[in-house]
Amino acid sequence: MDPISIIGRFHPVLVHLPIGIFVAAILLAALSMVEKYRFLRDSTRIILGIGLITAVLSMVSGYVLSLEGSNSEADVEIHQWTAIGMTLIYAAYFFFSPLITNHKYPNLIALLILLGSLVLTGHQGGSLTHGENFLWSMGTENDKKTTLPVIADIQKADIYRDIVGHTLQTKCVECHGANKQKGKLRLDDPTWIDKGGKNGAVLVKGDAENSELIKRLLLDESDDHHMPPKEKEQLTTAEKSILSWWIRTGAKYTATVESLAPDENILKELENFKSNLTRPEVKNIERPVVTAADALLIQSLKKIGWVISPIAVNDNHLRATGFNLTVDIDSALTLLGGVADQLIELKLNKSGINDSSIYRIEKFQSLEKLWLENNSISDIGINSINKLKHLQYLNLSNTQITTTGLKKIISLGQLRSIYVSRTEIRPEDAKQMMALLKNVKIFTSDSLPKLPTDSLLVKKEK
Ligand code: HEC
């Protein structure tokens with residue numbers, strides 16, 4: 001930080017001097033109206049004079065601070081003028097007090113005005129700063145709130161609303177937004193973006209290389225003028241290419257991707273951008289602690305063909321695979337009910353479960369993953385699945401589920417991946433549904449990425 005701006009940093013400390021001194025002066029002036037304390041009048045004036053000097057120093061430091069551009073310009077301007085006004089009022093009282101101190105009411109009114117203007121200016125200044133430790137920190141970063149854009153088809157996406165705006169919002173607005181305007185620049189709205197910063201326009205529409213905004217992104221990360229500053233999350237390669245392309249094509253605020261005729265490279269970057277967006281949030285799953293399942297029960301489950309294994313070492317949660325059950329599915333699920341609290345994953349591929357037996361899965365309320373592929377389950381059976389509030393993964397491939405059934409479960413809170421290959425659900429239906437829901441992926445083709453746990457679950461044929 002250069003020495004000049006350090007002066008600005010002392011503003012929050014300096015302002016307390018005139019406040020304290022002026023309060024003392026007002027109290028003394030009031031007191032000196034009583035005959036007994038008349039002798040205080042001269043010292044009151046001296047104190048007022050000192051107060052005025054500190055007020056001028058505060059204003060100078062405040063002005064330097066405002067150059068840093070950390071606060072909203074409009075708010076700063078109001079504060080600046082009330083501070084000047086207040087100082088003028090105090091100066092007037094300083095010069096004219098000998099004329100009115102002998103008149104009780106005019107003097108009282110003058111003192112009230114002094115007090116009022118002091119409170120007003122102090123309050124305005126206080127609300128400009130962000131908390132007590134403003135002197136040492138860069139303030140709070142609380143305006144980093146964003147919602148994920150929903151992009152079904154990248155060609156149809158809105159270039160600014162869904163893509164460019166999202167990048168600026170997540171990577172720039174915390175310093176260039178409503179709360180802070182570093183470099184006097186706001187990037188949270190087209191009007192502000194076009195307005196530019198303290199050095200003028202940041203966009204040259206049609207010419208990315210000469211746009212300050214892009215130049216800043218491309219500077220070496222160690223360069224002081226690189227954006228975002230190196231300690232912050234940087235732009236992805238896709239975001240940088242898309243921003244440049246957006247400016248090259250005229251920096252339009254309302255245009256679909258399609259209308260800007262993206263070439264193959266840009267399309268690839270756009271797809272990358274999209275997949276970064278829809279990557280399901282990795283949440284720490286908080287499971288209730290459970291006691292270990294009864295060892296004898298596990299034994300009897302294994303006897304009828306269930307493959308039971310712990311989810312992890314030192315974890316009592318279980319997964320069960322019912323691929324080679326030796327009893328009917330109803331009895332098998334009834335017995336499995338004994339480990340309902342522990343059961344997190346249930347594989348029922350080709351188990352013979354159907355619409356009339358599926359209600360038995362409703363008691364497995366802790367289920368996070370459920371495999372039901374290759375069974376005769378229709379939209380009727382779906383209602384039972386709808387009761388599993390923790391379900392994240394669901395495989396319904398090669399069942400009779402239709403779009404109607406899928407619509408019933410898709411809003412299950414935790415559901416992230418649904419596999420429906422070899423059903424009558426068409427890719428375009430899936431696409432449509434995904435457009436409505438963030439983070440839910442519906443897979444209609446067979447080239448599925450296998451879950452890593454799959455290999456552990458295959459029971460060896462005897
Ligand atoms: C941590 C805060 C911070 C973040 C995040 C940040 N900037 Fe800045 N930005 C600054 C500061 C401080 C300045 C003024 C100093 C300077 O010019 O380097 C500035 C200045 C600028 C300027 C120059 C404005 C002018 O007219 O002088 C541009 C352009 C800019 N930033 C673009 C961006 C973009 C684009 C992003 C997001 C990719 C971004 N900034 C993110 C702090 C930030």
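This is a predicted model: local features need pLDDT of at least 70, side-chain atom pairs count only at pLDDT 80 or more; totals for chains, interfaces and linings use all residues.
Local features are reported where pLDDT is at least 70 and side-chain atom pairs only at pLDDT 80 or more, whereas totals for chains, interfaces and linings use all residues. Residues are numbered from 1 along each chain as its sequence is written, and side-chain values rest on heavy atoms, with hydrogens and water left out.

The structure holds 15 salt bridges, a salt bridge being a side-chain nitrogen of Lys or Arg within 4 Å of a carboxyl oxygen of Asp or Glu. In one of them, the closest N and O atoms of Glu-239 and Lys-171 are 2.7 Å apart. This pair links distant parts of the chain, with Glu-239 in helix 10 (residues 237–248) and Lys-171 in helix 7 (residues 159–171), 68 residues apart; helices (H or I, at least four residues) and strands (E, at least two) are DSSP runs, numbered from the N terminus. Both Glu-239 and Lys-171 are buried, where buried means under 20% relative accessible area, exposed over 50% and partly exposed in between, with a 1.4 Å probe and protein chains only. Lys-171 and Glu-239 are also linked with Glu-233 in a network of salt bridges.

A further salt bridge joins the side chains of Arg-319 and Glu-345 at 2.9 Å, N to O. Here too the pair links distant parts of the chain, Arg-319 lying in strand 2 (residues 318–321) and Glu-345 in strand 3 (residues 343–347), 26 residues apart. Arg-319 counts as buried because its relative accessibility is 5%, and Glu-345 counts as buried at 5% relative accessibility. Glu-345 forms a salt bridge with Lys-369 as well, the closest N and O atoms being 3.7 Å apart; this pair links strand 3 to strand 4 (residues 369–371), in which Lys-369 lies, across 24 residues.

Around the ligand there are 22 residues, of which Cys-172, Cys-175, His-176, Arg-216 and Met-227 come nearest, a residue being near if one of its heavy atoms lies within 4 Å. Helix 9 (residues 212–218) supplies the largest share of this shell, four residues. The shell has 11 nonpolar, five polar and six charged residues. A nitrogen atom of the ligand lies 2.8 Å from an N or O atom in the side chain of His-176, while an oxygen atom of the ligand is 2.8 Å from an N or O atom in the side chain of Arg-216.

Beyond four places in sequence, Leu-346 is in contact (heavy atoms within 4.5 Å) with residues including Trp-306, Ala-320, Leu-336 and Lys-369.

Technical notes: A polar contact is a pair of N or O atoms within 3.5 Å; within protein, one must be able to donate a hydrogen and the other to accept it, and residues adjacent in sequence count only if both atoms are side-chain atoms. Ala, Val, Leu, Ile, Met, Phe, Trp, Tyr, Cys and Pro count as nonpolar, Asp, Glu, Lys and Arg as charged, and the others, Gly among them, as polar.
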